[in-house]
Amino acid sequence: MIVGRKAELEGDFVKKFPRIIVGLLFIVVAGFGILQFVHFDYGYVPAEDKIVSYQSNKRNSYDLWGEHITDDQAKEIKKTEEGRQKLSAKNGAIEIDEDLLELGRKTFYEETFGNEYFFTDVLGVLDGPFTLGNITKAILALKGEGTSNLRVELAEDITLGDKTFKKGEKIDTGIDVAKGSHVPLGMPVSVGDGRVRVGVSCAACHATVDPGTKRIIEGAPNQDFDVGLLLAMGTNSTAFFTHTDVENIKQYMAEKTRTVTNTEGKAEALPDIHQLEKAVDDNFVNWPKGSVDSTIDLESNPAQIPDSFTLKDHPYGWSGFSMAGPFKGLSVFSHNVHSQNTDSLSQAEISEPILGIDKEVYYGTILQNAANPDFRYDPSTEGKPSEFFKKIDPTPNAVGINELVVNPNYLKVSLAVPDGVIVSSPGYNFNEQINGAAAWQNTIQPPKPKKKFNQDTVKAGREVFEKANCISCHAGKELSNHKIISVKTIKTEPSRAKALKNTERIFGEALYYSPDTPVPLPKDPTILKVPTDHLDPEQIKLAFGHGDSPGGYKVPSIIGLYWTAPYLHDGGVSIGPDLHKDIGVPGTLRKGILPDPANSIRAMVDKEIREKVVRENKKDAGLKKTHITGEGHEYWVDETTGFTKVEQDSLIEYLLSVYKIEDKEE
């Protein structure tokens, strides 16, 4: 049974010594079978003195389908019965107070929604050469000092694509450990049923440890987190095959000795376990550090991990697909991450219309090589894969493994629920945790850059910014016009721009449950229509690639660029400290070199330097497979457009200097 984060840890011993238990003791006691009698969950939530400070945007207020209503405005509105109804949960209003913000921060750091079962029991992230024992060994070797890149010794040899890793070799994982902590940041641990499980929370990708101070930068992307490599080292990484380019799994079904009965009652082959696993691994190992493929379009097109400096940076997602619902779509973006992207079984019931894969084949493909034998489907002894899953599902009342509820018009998807399911833990109200996380993320602003800026140069850079017409897109105090630009205009790599195209087949009305609806859902929950009339239909088509649209990419805010290199949606514009040597992803992240923000921004605006970046990226066969080039956004501020080197330098200084929104109100 999955224990929600609302549950208290059992026993004073666990409360007093969680870091030691998680970091060491369960490794020892496991050998004596003591884990059979222990159950607890632990995720690291840092104290304030462990955070790189920033100016918080905390305020009590309301959110009504993205409309921000200040506390003072709410007091006036509530003077009438009509106003009180407007700001009621039955109308979709969410009150933002200290309790919700505290829940949001806890959710950000320690909530997995049960995905530890998927990563540990199904995918087997700890059953290959990347083991719990060696992770613990690496953390203890830090002696409490922390790191932005945990180096872990491998427990066995493994070959992934054209790369061979040897037993005893230490790999760069990009996993962060805060100073004084003995568990990875954003990787909560649970113990139960005699097993140790590891899941992921928001903080694994959307927070990072500053290499110098070892303090946590909340909201900054984890630039060197090697998600692809860690997935590839799992024993059943096939569980995430929909995020790779194995578009036609039938090519792995040459032998029909392992078959399932599909939804039409016909025998259909399962793919060969070893061939498909190898193909998936070969894809994952090519993902650059700091990138994740978050779509199930059977294309390997990872996008750069986004930051969580979310205030006024709507619409959300690389294509802007999260544009409706609470917090201007931010809640939609967050529950998408925690449903589909950490539990591919959540998409089994709609795998036929979205992927063209029968749901029984889909279940069977994911479970036939599950790491935990209890979760492993054997077609020779079990019935239909979906029936087998029901017997072993740790959340039998939810779709998939995670703590999920289906949208009101399931099996449809919509602007409000683009994958058909919403994460919500039992014991909370509908979407309460994600709404809290969204509200809390909107309080984060980037820390002040470490670099000191000459204000005269910054002022001159702002003038260049305007002269070069950057403000046509990066407009206003938020430095974004909140628009989605067609891929034909922006000219970036087109693959991920149309990654959501197949959702058109089952796209329905945007419906939500009232935010005061308890989970599990009652028999007759209050269903609300999510306002979408204010949205431009052409922008929706661009976001999802629907109809004849080629798809597009959102215009991100450029606030906090100092903390968010590399650049572009594919993360392909990357240059390290040496402008002439550390060029492109091959010259930086592939070599364990973090991109330098100033040099990488220069590559964004200098045509000659960008051509070098694109050229180096295209030499890398792995980047070609993952559609990462660094092309597009060809808006030059260099000699080709009449700007001097001095003007280019001042523009870069200005762009690096911007780290906060000055106005606090909408």
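1. Let's start with the nonpolar core. In this predicted model, the largest one has 176 residues. Which of its residues touch the most other members? They are Phe118, Phe130, Ile216, Met233 and Phe241. Take Phe241 and look at who surrounds it: leaving aside residues up to four places away in sequence, Phe241 touches Val246, Ile249, Val280, Leu298, Ile357, Tyr362, Thr365 and Ile366. There is also another core lying apart from the largest one, made of 7 residues, including Ala398, Val399, Val421 and Ile434.

2. Next, have a look at helix H11 (residues 330-339) and helix H15 (residues 432-441). Their axes come within 9 Å and cross at roughly 120°. As for handedness, the H11 and H15 crossing is right-handed. On the H11 side, the contact uses Leu330, Ser331, Ser334, His335 and His338, while H15 brings Ile434, Asn435, Ala438 and Gln441. Sort these contact residues by type and you get 3 nonpolar, 6 polar and no charged.

3. Is His338 buried or exposed? With a relative accessible area of 3%, His338 is buried, because anything under 20% counts as buried. Skipping residues up to four places away in sequence, the neighbours that His338 touches are Glu111, Phe113, Val200, Ser201, Cys202, Asn402, Val423 and Ile434. There's Ile434 again: it belongs to the 7-residue core, and it is one of the H15 residues in the contact with H11.

4. From H16, the contact takes in Thr457, Val458, Ala460, Gly461, Arg462, Val464, Phe465 and Lys467. From H23 come Glu647, Ser650, Leu651, Glu653, Tyr654, Leu655 and Ser657.

5. Gly192 is part of strand E9 (residues 189-192), and it is buried, with a relative accessible area of 4%. How many residues separate Gly192 and Asp41 along the chain? The answer is 151, yet their C-alpha atoms are separated by 8.7 Å.

6. Time for the backbone. Most peptide bonds are trans, and most residues other than glycine have a negative phi. Where are the cis bonds to look at? One joins Tyr410 and Leu411, with omega about 20°. Leu411 lies in the loop between strand E17 (404-406) and strand E18 (421-423). Another cis bond joins Ala565 and Pro566, with omega about 5°. Pro566 is in the loop between strand E22 (552-554) and helix H19 (584-587).

7. Last, two positive phi values in residues other than glycine. Leu479 has a phi near 60°. This leucine is in the loop between H16 and strand E19 (484-486), and it is buried, at 4% relative accessible area. For His633, phi is near 50°. You'll find His633 in the loop between helix H22 (621-625) and H23.

Conventions. Residues numbered from 1 in each chain as written. Predicted model: local features only at pLDDT ≥ 70, side-chain atom pairs only at ≥ 80, totals over all residues. Heavy atoms only, no water. Axes fitted to C-alpha atoms, helices over the stretch in contact; angles between N-to-C directions. Left-handed = near helix turned anticlockwise from the far one by under 90°. Contact = heavy atoms within 4.5 Å. Nonpolar A, V, L, I, M, F, W, Y, C, P; charged D, E, K, R; others polar. Core = buried A, V, L, I, M, F, W, Y, C linked by side-chain atoms within 4.5 Å. Buried < 20%, exposed > 50% of the residue type's maximum accessible area, 1.4 Å probe, protein only.
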